[in-house]
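Have the picture open as you read, and let's take it one piece at a time.

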Amino acid sequence: MIPLSWFLALSAVLFVLGVAAFFVKRDLITMFLAVEVMLNAANLAFLTFAKKQGYLAGQVIVFFIITVAAAEAAIGLAIILLVFRQRKSIKAEGADLMKG
Amino acid sequence: MSPTSYLAALPRAPGSLYQKHHISQSFSHGSISNRVIRVEGWHGGDAYISPGAIDALALHPYNGTNKMAVTLFLVLATIIIGSVLAMILSRDPAISALWLVLAFAALGGLFGLLEAPFIAAVQIIIYAGAIMVLFIFVIMMIPRGEAFPPDKRKITLFLSIFLAAVLAAEMFVSLWAVLRGDRTAGPSGLGSTSAVGRLLFRDYLYPFEISSLLIIAALVGSIVLSKKRGKE
């Protein structure tokens, strides 16, 4: 059996990579992709704990997370398209209209 | 079928009760005498095995293929981390998204290792399929800086031929296995489709229905957002 801690370690590494990508990248789409990486890291952790506890609720939660990710992708990409139409750029620096 | 694999093939929903006659073998972390299982903290009665105890007793279905599972984990983890790093390092969002498709597909393999075959299929079909295609769609709608430089085109040609060959080989191998008749039974472990479905449509029915509302809201929202403002 693979130690479940390996899965948790991989999940942690994935999450950190997602956070790093979110801060490093400039364009909105890649930042959004980084959020997806973080969501998947959370999914991996959920499934690991579901296996550890032997209780399926963790897998159902992952199912819901994927649903929410789909909805989020649809809305987020629509917003990115809107930003691109208005500013002709998808750089994150351009969208500072609400900056105080 | 050996007793071990018989026990491993039993449904392992939480609270499931295993009859004494199911168990007729001794294990390393517990002992079975006179067809009574003795696990830590268990006293008499029918043998009740919690899923955790099944892991402790090394009754896991993957137990026989331990080395293979570890190898698979290491390979998949390497692919995942490598492709996420490649996603971070690549400048083109389209290339980033393609690397991420690879990462999510490999992650689906890991989900399979975690006894979640249904979620693994959902991950590959919906995440690596639908959601990432949506990303690539939007990326293609936004004009990008530069296309492939011409010297790279030969590499992409070879790569696409190679990938097509691998895909064809894979399909033929699976087809051959099915036609030869050594198909395996559907997954019967922790996260079998029927178990997940039962939980989803029984205990989590309301969240499930509410999530359909969420999808509708997202659908309407994205249509309204991306609609071109014409004459008002």
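This is a predicted model: local features need pLDDT of at least 70, side-chain atom pairs count only at pLDDT 80 or more; totals for chains, interfaces and linings use all residues.

Who does the touching? On the α3(A) side you'll find A:Ala57, A:Gln59, A:Val60 and A:Phe63, while α7(B) brings B:Val196, B:Leu199 and B:Leu200. Sort the residues of this contact by class and you get 6 nonpolar, 1 polar and no charged.

Now try another pair, α2(A) with helix α5 of chain B, residues 117-141. These axes come within 12 Å and cross at roughly 175°. Anything over 145 degrees counts as roughly antiparallel, and α2(A) and α5(B) are therefore roughly antiparallel to each other. Here A:Ile29, A:Leu33 and A:Leu47 of α2(A) meet B:Ile119, B:Phe135, B:Val138 and B:Ile139 of α5(B). The class count for this contact is 7 nonpolar, no polar and no charged residues.

Let's zoom out to the whole meeting of the two chains. In total, 48 residues of chain A are in contact with 60 residues of chain B. On chain A's side, α1 (4-24), α2 (28-53) and α3 (57-87) each supply at least two of the touching residues. Which helix gives the largest share of that side? The answer is α3(A), with 22 residues. By class, the side of chain A that touches chain B has 39 nonpolar, 6 polar and 3 charged residues. As for the predictor's own scores, it gives the complex an ipTM of 0.91 and a pTM of 0.72.

Stay with α3(A) for a moment. It has 31 residues and spans 44 Å from its first C-alpha to its last, close to the 45 Å expected at 1.5 Å a residue.

You'll find B:Glu115 in the loop between α4 and α5 of chain B. Is B:Glu115 buried or exposed? With 24 C-beta neighbours inside 10 Å, B:Glu115 counts as buried.

What does chain B look like as a whole? It has 8 helices and 2 strands, and along the sequence they follow the pattern α-β-β-α-α-α-α-α-α-α. Of the 232 residues in chain B, 24% are buried. Take the contacts in chain B between residues at least 6 apart in sequence, and 52% of them join residues at least 24 apart.

One helix to pick out in chain B is α3, residues 66-89. This helix has 24 residues and reaches 34 Å from its first C-alpha to its last, close to the 34 Å expected. Its buried residues are B:Leu76, B:Ala77, B:Ile80, B:Ser83, B:Val84, B:Met87 and B:Ile88. What covers them includes α1 and α2 of chain A, together with α4 (93-113) of chain B. B:Ala121 is in helix α5 of chain B and is partly exposed, with 14 other C-beta atoms within 10 Å.

Finally, a word on confidence. Chain B averages a pLDDT of 74, and 63% of the residues score at least 70. Over residues 1-46 of chain B the pLDDT stays under 50, and the model has 66 contacts beyond four places in sequence for that stretch. Residues 58-63 of chain B are also below 50, with 17 contacts in the model beyond near neighbours in sequence.

Technical notes
Residues are numbered from 1 along each chain as its sequence is written. Chains are lettered from A and ligands numbered from 1 in the order in which they are written. Two residues are in contact if their C-beta atoms, placed from the backbone, lie within 7 Å. Helices (H or I, at least four residues) and strands (E, at least two) are DSSP runs, numbered from the N terminus. Ala, Val, Leu, Ile, Met, Phe, Trp, Tyr, Cys and Pro count as nonpolar, Asp, Glu, Lys and Arg as charged, and the others, Gly among them, as polar. A residue is buried if 20 or more other C-beta atoms lie within 10 Å of its own, exposed if 12 or fewer, and partly exposed in between; C-beta atoms are placed from the backbone. The expected span of a helix is 1.5 Å times one less than its number of residues. pLDDT is the predictor's confidence in each residue, from 0 to 100. Axes are lines fitted to C-alpha atoms, for helices over the stretch in contact, and angles run from 0 to 180 degrees between N-to-C directions. Angles under 35 degrees count as roughly parallel, over 145 as roughly antiparallel, 65 to 115 as roughly perpendicular and the rest as oblique.
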